[in-house]
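I opened my notebook to look around a protein structure, one spot at a time. Here is what I looked up.

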Amino acid sequence: MKRIIKKVAVLGSGVMGSAIACHYANIGIEVLLLDIPPKELDDKEKAAKRKLEDKVVRNRIVTTSLLNTLKSKPSPIYKKSFASRISVGNFEDDMEKISDADWIIEVVIERLDIKKIILDQVDEFRKPGSIVSSNTSGIPIHMMTDGRSDDFKKHFLGTHFFNPPRYLKLLEIIPTPHTDKSIVQFTMDFGSKLLGKTTVLCKDTPAFIANRVGVFSIMALFHLVDEMGLTVDEVDKLTGPVLGRPKSATFRTCDVVGLDTLVHVANGMHENCKDDEQNALFTLPGYIGKMVENNWLGSKSKQGFYKKVKDENGKSQILSLDLKTLEYKEKQRAKFATLEMTKSVDDLKARTKMLYNGKDKAGEFYRRSFNGLFAYVSNRIPEIADDLYNIDDGMRAGFGWELGPFEAWDAIGVKNAYETAKEEGIEIAPWISEMIEAGFSSFYTIEDGVKKYYHIPTKSYAPVPGTNKLLSLEVVSHGNTLWKNAGTTITDLGDGVLNLAFHTKMNTIGSEIIQGINKAIDMAEEGYKGLVISNDGQNFSAGANVGMIFMLAVEQEWAELDMAIRMFQNATMRIRHSSIPVIVATHNMALGGGCEIAMHSDKVIAHAETYMGLVEFGVGLIPGGGGTKEFAERLSDELHEGDMRTNQFRNRFLTIGQAKVSTSAYEAFELGYLRKGIDEVIVSRDHQLSYAKSVALQMADKGYIAPLRRKDIKVLGKEALGLVYVGAHSMMSGKYISTHDQLISEKMGTVLAGGELSQITEVSDQYLLDLERKAFIELCSERLTLERIQSLVKTGKILRN
């Protein structure tokens with residue numbers, strides 16, 4: 001039977017409940033959000049002479065919770081209007097409405113007795129066949145099925161979303177012995193494809209997978225830090241981005257999450273995991289106990305491992321806690337020879353191996369922490385998961401590790417780490433030695449275009465489930481790389497479609513990427529059906545290499561700068577006018593030049609978490625890779641007669657002038673970066689490349705004709721330019737902007753308006769590109785002059801006015 005989810009009921013409107021409701025609304029589903037009614041009137045209701053029976057009063061708790069969630073930053077919702085998909089009610093008046101729901105999610109307080117009360121009502125009112133799930137971080141799922149109907153048991157399971165649900169990818173699925181296998185598979189697939197999650201199948205064990213391993217990792221580190229005498233600053237330096245983990249690293253993350261929360265989970269694991277060989281590590285080191293006693297819980301109590309204070313000059317500074325004396329001190333810069341050695345190593349796997357083999361204190365820290373982690377995860381199979389990839393997926397999606405434990409072990413070398421741990425007396429699970437003795441040297445391999453993992457029961461490699469249906473650059477690049485330079489790689493995706501991937505730092509755009517764009521289009525036009533531009537980096541692209549641009553300006557290489565900008569413009573115009581369809585798949589930051597590349601494609605397949613914007617104004621420039629031209633072109637296509645056209649011009653002008661960046665792909669439509677009816681949004685990052693390829697093939701098979709160069713772009717000339725000059729002058733006179741900001745505004749306005757033309761005129765795209773490039777170079781020159789004057793003022797060689 002085909003199962004369709006049209007309506008979801010979320011029971012419990014706390015932080016998690018409201019955020020889960022928002023995320024289902026994000027993907028277009030109708031949501032009913034319920035919570036308890038209040039027991040008494042508040043002061044505002046009393047003043048308004050409300051009665052406890054009034055509907056607005058009865059729904060006050062759920063309404064307030066939802067509104068507070070919608071106001072939170074970062075936003076839980078892709079677009080403000082999506083909140084209208086959520087209706088509210090209360091458990092006493094509206095529980096029967098769950099009979100219309102296809103999926104009912106219980107998200108009440110973490111108490112089994114209360115969850116059972118709510119689930120009693122769910123079993124009474126739900127329609128047969130509806131899915132029921134409990135969102136819990138640790139209560140045993142099977143304990144909630146006692147006394148339930150057979151249909152309830154068949155359709156019931158645990159769904160553990162990580163907070164915040166919109167942004168953290170992990171969704172743990174925990175079936176009970178009664179759960180129908182088709183329901184398990186449906187929720188796994190729905191979570192992956194529609195909710196955009198990494199769905200991980202878990203066993204019903206304490207803390208499931210990610211928290212079990214993640215909290216062990218933190219607790220083991222707490223003890224190791226104490227033993228090695230490392231400082232808070234040193235540990236956060238060692239366990240952050242250098243290791244492929246979040247910037248908040250360890251102690252800053254603890255401050256954000258709340259030390260009390262972490263201690264609660266650790267105590268629960270110590271109590272409920274008696275057979276865990278590392279049970280003793282879940283006891284608290286002395287300094288943690290003292291911090292809890294002092295209420296130093298992190299951000300919520302204004303101090304934890306870090307504390308923000310003001311010095312004698314009123315300037316804010318961050319102090320870090322001395323774990324020995326429990327006094328706050330000025331942060332000290334952490335220095336280790338091993339870290340210095342790895343600074344130039346961009347490849348995380350190669351860097352991880354170097355860190356592990358370091359000869360200093362940092363190297364010792366990495367070996368001890370990694371060896372303990374490797375032993376722990378090896379011993380958790382098959383306790384918490386049958387297969388090792390589930391643990392890696394959980395840690396990457398739930399804790400933001402770029403390499404899961406077994407992936408990191410592969411990077412270091414399975415046999416090398418095993419022998420090192422054995423020398424230190426660390427007990428690693430027997431199946432590891434059996435694997436090594438059988439001749440397997442890694443947990444993962446790629447064979448015949450399929451990613452495989454070591455399957456313990458059969459002592460052989462098996463395909464990672466689901467990966468054979470999805471395109472992954474990591475997998476497809478093996479044996480299918482056709483061309484590469486220092487900044488790009490061209491890969492054959494199969495079926496006549498190529499992929500161009502960027503891999504510069506932050507995927508910033510320089511000569512290597514421009515060369516790659518031209519080469520990819522050349523190759524595609526010669527013998528392929530289409531081209532996709534996508535990559536696996538943290539961001540699609542953070543924009544053009546501004547440092548290179550200003551270096552040319554400093555050296556006054558104006559001809560070379562003109563050529564560099566012209567080459568970028570030519571590259572974006574090739575994307576627009578090539579003889580094959582070009583699809584751009586964006587994710588995370590697509591700024592400046594990255595945004596311009598996307599704007600010139602035939603279609604953008606934007607991941608929902610795309611933060612897109614033309615941000616050059618912020619560095620004293622205007623978009624110079626065709627972005628300003630493109631806004632003028634799009635403005636032309638939407639122009640209306642009368643006052644409306646100047647309002648439309650103003651909106652486009654302010655979008656660039658205020659360097660507006662979308663907070664989601666949906667907002668990028670409102671800002672004009674994405675085109676309604678042309679570009680699309682996809683929530684699943686894992687499905688994005690496969691879908692982008694299918695779109696390229698669809699366009700090619702339909703019969704693709706390259707769009708003609710434009711000669712009919714209507715520009716407003718002086719009608720709009722006058723508004724720009726008056727507005728910029730007023731802002732400068734009121735000291736809201738600087739004289740240089742005024743100049744940027746005027747230059748940008750000149751391009752958008754098409755120059756000082758006396759009337760509305762049709763111009764070509766090349767005319768606008770030439771205007772754009774001229775304004776860009778002039779602003780580079782002005783920026784250089786301004787910086788020199790500021791330097792002279794700073795050094796005292798000229799007096800400040």
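**Entry 1: Ser 192.** I looked up what Ser 192 touches, leaving out residues up to four places away in sequence, and found Lys 197, Thr 199, Ser 684 and His 687. Here contact means heavy atoms within 4.5 Å. Ser 192 sits in helix 8 (residues 181-193). Helices (H or I, at least four residues) and strands (E, at least two) are DSSP runs, numbered from the N terminus. I also checked Ser 192 against Val 683: they are 491 residues apart in sequence, yet 9.1 Å apart in space, C-alpha to C-alpha. Ser 192 is buried, at a relative accessible area of 14%. For the cut-offs, buried means under 20% relative accessible area, exposed over 50%, and partly exposed in between (1.4 Å probe, protein chains only).

**A note on the model.** This is a predicted model, where local features need pLDDT of at least 70 and side-chain atom pairs count only at pLDDT 80 or more, while totals for chains, interfaces and linings use all residues. Residues are numbered from 1 along each chain as its sequence is written, and side-chain values use heavy atoms, with hydrogens and water left out.

**Entry 2: Asp 765.** Is Asp 765 buried or exposed? It counts as buried, at 2% relative accessibility. I found Asp 765 in helix 32 (residues 765-795). Leaving aside neighbours within four places in sequence, its contacts are Met 573, His 577, Lys 629, Glu 633, Arg 709, Arg 710 and Ile 713.

**Entry 3: the second largest pocket.** I noted a space of about 570 Å³ in the second largest pocket. On a 1 Å grid over the protein atoms alone, a pocket is an open set of points where a 1.4 Å probe fits, with protein on both sides within 12 Å along at least five of seven lines; lining residues have an atom within 4 Å of a point. Grid points are joined across faces, edges and corners, and the volume is the space filled by probe spheres set on the points. The lining has 22 residues, and Glu 630, Arg 634, Asp 637, Arg 675 and Ile 678 lie nearest the centre. Helix 24 (558-577), helix 26 (627-638) and helix 28 (665-670) each give two or more residues to the lining. Which helix gives the most to it? I found helix 26, with five residues. By class, the lining has 13 charged, six nonpolar and three polar residues. In this count Asp, Glu, Lys and Arg are charged, Ala, Val, Leu, Ile, Met, Phe, Trp, Tyr, Cys and Pro are nonpolar, and the others, Gly among them, are polar.

Entry 4: Most residues other than glycine have a negative phi, and most peptide bonds are trans. I found a cis peptide bond between Lys 73 and Pro 74, with omega about -5°. Pro 74 lies in the loop between helix 4 (60-71) and strand 3 (86-90). The bond from Asn 163 to Pro 164 is cis as well, with omega near 0°. For positive phi, I noted Ala 249, near 50°, and Lys 302, near 75°. Ala 249 is buried at 13% relative accessibility, whereas Lys 302 is exposed at 67%.
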